[in-house]
Number of protein chains: 2
Amino acid sequence: MKARVHVSYKTGVLDPQGKAIGMTLANLGFAGVGDVRQGKLIELELAESDAHKARKLVEAMCEKLLANTVIENYAIELDNE
Amino acid sequence: MKARVHVSYKTGVLDPQGKAIGMTLANLGFAGVGDVRQGKLIELELAESDAHKARKLVEAMCEKLLANTVIENYAIELDNE
């Protein structure tokens, strides 16, 4: 089963990379661009085929490694759910 | 309108960060994890309200700045499409 984890900064946490992208877009002449945020998207290939167990597994991975839960949120998407 | 751009390495391009995540997950005791790929997810707030025009605009941003199209693919998602 394929899992996709989207890790993004929590609201209120400064996102310098997003700010840099927003400023560069403005400098390149793209108008009408407001807030820009950059997050990570991690795609995992899992041997687990049970959707419930797979979600629990990926949640544990997020808490332990994939996300810094002090400043980041994560969202999990599974292919066969 | 909100746009989400998912930038990921093309198939066959080495993804060292993904490999590092996969190895660390194995070291932490997570079994049954196959290939891991890490991409970027960029969220943009756009003043443009026409979905067709917004997509064209974001495509231009991707080609110019957001993605390195030699080694990266991008996918665009718009909120009101």
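This is a predicted model: local features need pLDDT of at least 70, side-chain atom pairs count only at pLDDT 80 or more; totals for chains, interfaces and linings use all residues.
Residues are numbered from 1 along each chain as its sequence is written, chains are lettered from A in the order in which they are written, and side-chain values use heavy atoms, with hydrogens and water left out.

Between the two chains, 30 residues of chain B are in contact with 30 residues of chain A, contact meaning heavy atoms within 4.5 Å. Together they bury about 2,600 Å², 68% of it on carbon and sulfur atoms; this buried area is the accessible area (1.4 Å probe) that two parts lose on being put together, summed over both. The elements of chain B that give two or more residues to this side are β1 (2-9), α1 (16-27), β2 (33-46) and α2 (51-66), helices (H or I, at least four residues) and strands (E, at least two) being DSSP runs numbered from the N terminus. The largest share, 14 residues, comes from β2(B).

That strand also takes part in pairing between the chains, for 11 bridges join β2(A), residues 33-46, to β2(B) in the antiparallel sense, where strands pair if DSSP finds at least two bridges between them. Within this pairing, Val33(A) stands opposite Leu46(B). Inside chain A, six bridges join β1(A) (residues 2-9) to β2(A), again antiparallel, with His6(A) having Leu41(A) as its bridge partner. β1(A) also pairs with β3(A) (residues 72-78), antiparallel over seven bridges, and here Val7(A) is partnered by Tyr74(A).

In one of them Glu43(A) meets Arg4(A), with the closest N and O atoms 3.3 Å apart; Glu43(A) lies in strand β2 and Arg4(A) in strand β1 of chain A, so the pair ties together parts 39 residues apart in sequence. Glu43(A) is buried at 17% relative accessible area, whereas Arg4(A) is partly exposed at 26% (buried is under 20%, exposed over 50%, partly exposed in between; 1.4 Å probe, protein chains only). Arg4(A) also forms a salt bridge with Glu77(A) (3.6 Å, N to O).

Conventions
A salt bridge is a side-chain nitrogen of Lys or Arg within 4 Å of a carboxyl oxygen of Asp or Glu.
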